[in-house]
Amino acid sequence: MNPLIAYVLLAGDPIPAVVWAVVYFIVTIIVGYVIAIIAAMILRRLLPGLAKQIGLSMDMVNTSIGGVEATIMLIAIAIALTYVIPYLGVASTYVTMIADYLPYLAGLIILLTLGLLLVDALTFYIQKRVGAGEEYINLIVNILRFGLYAVLITIAVTWAIFYWITTISPYLFYDIIIGSVVLYTGISIVNKTVSDISKAHPEMSGMLDYGKLILYSVVILMAMAIIVQPFTNVTQVFYALAWGLAIAFAIVVVPLAYAMAKKALA
């Protein structure tokens, strides 16, 4: 039993304990709402100036402020529910589960709002210090940003989803994120490399287009293999498909290379 309700019962208060429980519930919600509003007002004064200095968008700042408000309210609701749970009868079991889950949900929100805001601030700072004009630097910073996003999202969903749904492995979600990062990174590098070579050697444009197709296929297969690695049967299918594509590309590349070499010699 809640200590405050126990005190009311022991003191012989003429007002029923359930009434006090409802009062405490309402007061706790109001106090949480007031704290959330004050915290949001403070953040709205501090964060916009910092966002302008760093180069962050106001949409991300407003989202983070809303996340802080929601987190404080969820914690207040979780605390308030503890006052009325003893008087809910059969429903108390489900309400207890909700009250236990709300702090985890608050952690999910705060990680996905403030965490992503801090990641953006860090990567923007690194980009300014290293040099934002270099294309490869931008690519590296974007890879770092997506990698940190993957870490935060994986921690958040493991904390608030996979911890409660034990039948789903959190590694599946992590594989999807890593596979997407590999796909983005690989395609970006292929595009940049082929574009630079094509500018230096325009006569090799035909060969480079074919090479881009091959490299795209390799990157896509790598990303898909990472995503489906928990499923053994699907992995075997991708293994056979990879060998088939490799043999097909090798068969086609021989006459193409011969024609390109003959044209260059002529």
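**Notes on an all-helix model**

1. Leu88 is partly exposed, with a relative accessible area of 35%. The position of Leu88 is the loop between α3 and α4. Val18 is 70 residues away from Leu88 in sequence. In space, their C-alpha atoms are 10.0 Å apart. Please keep in mind that this is a predicted model.

2. Now the overall build. The chain holds 8 helices and 0 strands. Read from the N terminus, the order of elements is α-α-α-α-α-α-α-α.

3. Next, burial and surface. Of the 266 residues in the chain, 29% are buried. The chain exposes about 16400 Å².

4. How are α3 and α4 placed relative to each other, parallel or antiparallel? Two packed helices are described by the angle between their axes and the distance between the axes. The axes of α3 and α4 come within 8 Å. They cross at roughly 160°. An angle over 145 degrees counts as roughly antiparallel, so α3 and α4 are roughly antiparallel to each other. The crossing of α3 past α4 is left-handed.

5. Which residues make up the largest nonpolar core? It has 11 residues in all. They are Ala21, Leu74, Ala78, Leu81, Tyr83, Val84, Ile85, Val95, Ala99, Leu102 and Ala106. Both α3 and α4 supply at least two residues each to this core. The largest share comes from α3, with 5 residues. There is also a second, separate core of 8 residues. Among its members are Ala39, Ala40, Leu43 and Val61. As general background, nonpolar side chains in soluble globular proteins tend to be buried together.

6. Look at Thr71 in helix α3, which covers residues 58–84. Is Thr71 buried or exposed? Its relative accessible area is 9%. Buried means under 20%, so Thr71 is buried. Set aside its neighbours within four places in sequence, and Thr71 is in contact with Ala106, Ile109 and Ile110.

7. Leu116 belongs to helix α4, residues 92–130. Its relative accessibility is 17%, so Leu116 counts as buried. Which residues does Leu116 touch, not counting those up to four places away in sequence? They are Leu111, Tyr149 and Leu152. Arg145 lies 29 residues from Leu116 along the chain. The C-alpha atoms of Leu116 and Arg145 are separated by 9.2 Å.

8. Finally, turn to Trp20 in helix α2, residues 17–54. At 23% relative accessibility, Trp20 counts as partly exposed. The reason is the cut-off: buried means under 20%, exposed means over 50%, and partly exposed is in between. Trp20 and Val84 are 64 residues apart along the chain. Their C-alpha atoms are separated by 9.3 Å.

Definitions and conventions
Residues numbered from 1 in each chain as written. Predicted model: local features only at pLDDT ≥ 70, side-chain atom pairs only at ≥ 80, totals over all residues. Heavy atoms only, no water. Helix = DSSP H or I, 4+ residues; strand = E, 2+ residues; numbered from the N terminus. Buried < 20%, exposed > 50% of the residue type's maximum accessible area, 1.4 Å probe, protein only. Contact = heavy atoms within 4.5 Å. Areas by Shrake-Rupley, 256 points an atom, 1.4 Å probe, with all protein chains shown as cover. Core = buried A, V, L, I, M, F, W, Y, C linked by side-chain atoms within 4.5 Å. Axes fitted to C-alpha atoms, helices over the stretch in contact; angles between N-to-C directions. Parallel < 35°, antiparallel > 145°, perpendicular 65-115°, else oblique. Left-handed = near helix turned anticlockwise from the far one by under 90°.
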